[in-house]
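This briefing sets out the fold, the surface and selected residues of one protein chain. Please read it alongside the sequence and the coordinates.

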Amino acid sequence: MKRLSILFALLASPALAASGPFFSLQNSNFVVLVAFIAFVALLVYVKVPSRLTGMLDARAAVIKSELDEARSLREEAKTILATYERRQKEVQEQAERIVAQARDEALTAAEQAKADLKASIARRLAAATEQIASAEAGAIRQVREQAVSVAVAAAGDVLAKQMTADAASASIDAAIAQVEARLH
């Protein structure tokens, strides 16, 4: 079917519609051919092909310069991109160094705080131990003083009950003699 439709289209073309001998002005194909050759000759005479070639060459030169400029811009963009990527990498490395340094400083500060806390606890423990020992010694001293006071008072009461005027006078004389012996 397809071949048949192509055959009918060729048979119905205007080229087959021309009548008479080919080299006559009655033949429309010949007239069209002469007009076409005259038109092409006129274009060549007016130098249209050289102008078209010049315009195409100029356009080619403009396109080439634009391509060269695009290449140079692309290279410049690549350089700028590489620079920014390098800077980004440097900034990233610097940020990582800062974070690592901050982490180290935090660990060091934590260790120092632990050591300071241990030292503070040890000082407070020593101070508490000292206070306990001091309070203990004070309590012992107070108990001894109280015991001495009680013993003296008890001894005074016992002596007062047992003492007579003659015994008191003899005791005073003995105490004076004892002081006198010590002083000389």
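Helices are DSSP runs of H or I that hold at least four residues, and they are numbered from the N terminus. In that numbering, Ser-50 is a residue of helix 3. The model is a predicted one. In it the protein has four helices and zero strands, and the order of elements from the N terminus is α-α-α-α. The radius of gyration is 66 Å, whereas the globule rule gives 16 Å for 184 residues, so the protein is more spread out than a compact globule.

**Overall dimensions and exposure**

- Along the principal axes, the C-alpha trace extends over about 195 × 50 × 20 Å.
- Of the 184 residues in the protein, 3% are buried.

- Helix 3 covers residues 48-162.
- Ser-50, which lies in this helix, is partly exposed, its relative accessible area being 45%.
- Between the C-alpha atoms of Ser-50 and Val-99 there is a separation of 71 Å, the two residues being 49 apart along the chain.

**Charges and the salt bridge**

- The protein carries 22 positive and 21 negative side chains, and 21 Å separates the centres of the two sets.
- One salt bridge is present in the structure.
- The partners in this salt bridge are Asp-68 and Arg-71, whose closest N and O atoms are 3.0 Å apart, and the cut-off for such a pair is 4 Å.
- Asp-68 and Arg-71 are about one helical turn apart, because three residues separate them in helix 3.
- Asp-68 is partly exposed at 37% relative accessibility, whereas Arg-71 is exposed, with a relative accessible area of 51%.
- The class of Arg-71 follows from its value of 51%, because exposed means over 50% relative accessible area.

**The loop between helix 2 and helix 3**

- Lys-47 is located in the loop that lies between helix 2 (28-45) and helix 3.
- The phi angle of Lys-47 is near 65°, which is a positive value in a residue other than glycine.
- With a relative accessibility of 55%, Lys-47 is classed as exposed.

**Nonpolar surface patch**

- Phe-22, Phe-23, Leu-33, Phe-36, Ile-37, Phe-39, Val-40 and Val-44 together make a nonpolar surface patch of about 820 Å².
- Ile-37, one of the residues in this patch, is placed in helix 2.

Notes. Residues numbered from 1 in each chain as written. Predicted model: local features only at pLDDT ≥ 70, side-chain atom pairs only at ≥ 80, totals over all residues. Heavy atoms only, no water. Salt bridge = Lys/Arg side-chain N within 4 Å of Asp/Glu carboxyl O. Helix = DSSP H or I, 4+ residues; strand = E, 2+ residues; numbered from the N terminus. Buried < 20%, exposed > 50% of the residue type's maximum accessible area, 1.4 Å probe, protein only. Rg over C-alpha atoms; globule rule 2.2 N^0.38 Å. Lys, Arg positive; Asp, Glu negative; His and termini not counted. Charge placed at Lys NZ, Arg CZ, Asp CG, Glu CD. Patch = residues over 30% accessible without salt bridge, like charges linked within 9 Å, V, L, I, M, F, W, Y side chains within 5 Å. Areas by Shrake-Rupley, 256 points an atom, 1.4 Å probe, with all protein chains shown as cover.
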